[in-house]
Amino acid sequence: MRKGSYMDVIKGRFLKQNFGKILIAIFISWFILSFLIVPNIKIIYDTFFGTGTFSIESIQKLVRSERAIRSIFNSIVLAVILSVTVNIVGILIVLLLNYFDIKGSKILKLGFYTTLIYSGVALNFGYKLVYGENGLITKLLMEIFPNLNPSWFSGLFAVAFVMTFACTSNHVLFLTSAIHSIDFHTVEAAQNLGASQFSIIRKIVLPTLKPTIFALTILTFLSGLGAVSAPLVFGGNEFETITPMILTFARSATSKNLATVLALFLGLITITVLTFFLRNEAKGNYISISKTKMKLKKQKITNKTANIIMHIIAYVLFAIYTIPVLTIIVFSFTNSKAISTGQITLDSFTLKNYATTFSSVNQLKPYLVSLTYGAVASLLVVIFCLICAYLMRKYRNGLTKTLDYLLMIPWFLPSTLIAIGLIITYNVQNPLVFNRILTGTIWILLIGYILTKIPFTIRICKSAFFGISDEIEEAARNLGSKTIYTFIKV
């Protein structure tokens, strides 16, 4: 056989065996280039080269703005505080529900899981009804302390307080899953060696949860940097953060450049933080080495004083979580006067709010559209991120590290700026999307949903892959399982 023919056979076999992998690589490259790189480069280019020549006038204007600089500082302070407080509260409620034997844990779960139902503006409105100027707690405190300022619940303290409890939804979802994967054999072994319950938590339980805690810390820090609703509701003029400022600038055609520059500052901060976390995350693998894992059993707190204290903490947290939600539910049956004044009477109760909301299909359409987009986007982003996370774990090289950083782009820039980039890039025919105009179609909204969910999902997928032993995949391969079958079934 001639050398040329031999090489053709080798190439043919290679293409046949790796055809699926090549298609996946092409699709991932096209998606990242088309929707993560080009739109953001275009909006940055338009900001600094909009007049045809390079200009830093926007940066100079921003640096001279004391309000903008203060908003950057406030966002960093809030993000640092939340990285500590949310982790403390989040880890604590997961331990209370899943590790310690706490009486009434099923009832506590209903309270701690309320953030999965109410979030964003709705949840902040609930806190406003409780702690605002006409709130129930405020009125109670003013009866005890007549000289109390009705606007006491505002500024950094209020924003940090609300977001501390509003941002633990990721902990109850993903840290709960992680704690159930702990091998109880290790806990038993430590108990037999005389280790105290809290030493076991500190030296065995928490180190095993490190990959998930890393991912959740990143999410929490970035939630603090990009906070919108809580600063708008409780921050006031004394505590403004970056994202509300970006939204303000983005609404005006004359100040979009300032919004872009402010977003770039936010991006630089985010890149620095992400680099730190990613490097620390890559230093080690924290999976259990046991081959026969035992299901985790709830531990009864043997020290009576500690047991009482933990029960008190559990139910105090339960009250903090549930009171705003219950207040929203109660006020939803009242008229506008009762909502604005915070005073409920028998005459204020009505069903008109629900009758108006569910009276026609047009009223329900926003809910149905959001539900459909959320469901489709969630399915697509999970499939995409599972594939990417698998590739990052299987092929640990420069390309997969670059892929990891590129998928973090929606965290580097605010969602508002990403949306503007998509709109101005695809409001004309573009060869990247086969000369289709996407602006004004249902597709660009779906793409926006997917983009904003990618960083969150990829972090969780990566942390989950830490718990999968390479030996399991090797065993499946030795039994003749193909890569795709192993990925789906094993």
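## Aromatic pairs

Rings of Phe, Tyr and Trp (its six-membered ring) count as a pair when their centres lie within 6.5 Å; planes under 30 degrees apart are stacked, over 60 edge-to-face, and the rest tilted. By that rule, this structure holds 26 aromatic pairs. Take Phe 153 and Phe 157: their ring centres sit 5.9 Å apart with the planes at 80°, so they go down as edge-to-face.

Phe 165 and Tyr 321 are edge-to-face too, because their planes are at 90°, with centres 5.5 Å apart. Phe 165 belongs to helix 7 (residues 155-166) and Tyr 321 to helix 15 (residues 304-331), so this pair ties together parts 156 residues apart in sequence. Helices here are DSSP runs of H or I, at least four residues, numbered from the N terminus.

## Model notes

This is a predicted model: local features need pLDDT of at least 70, side-chain atom pairs count only at pLDDT 80 or more, and totals for chains, interfaces and linings use all residues. Residues are numbered from 1 along each chain as its sequence is written, and side-chain values use heavy atoms, leaving out hydrogens and water.

## The aromatic cluster

Phe 153, Phe 157, Phe 165 and Tyr 321 are among the members of one aromatic cluster, which also includes Trp 152 and Phe 234. Buried means under 20% relative accessible area (1.4 Å probe, protein chains only). Phe 153 is buried at 6%, Phe 165 is buried at 7%, and Tyr 321 is buried at 2%.

Technical notes. Buried means under 20% relative accessible area, exposed over 50%, partly exposed in between (1.4 Å probe, protein chains only). Helices (H or I, at least four residues) and strands (E, at least two) are DSSP runs, numbered from the N terminus.
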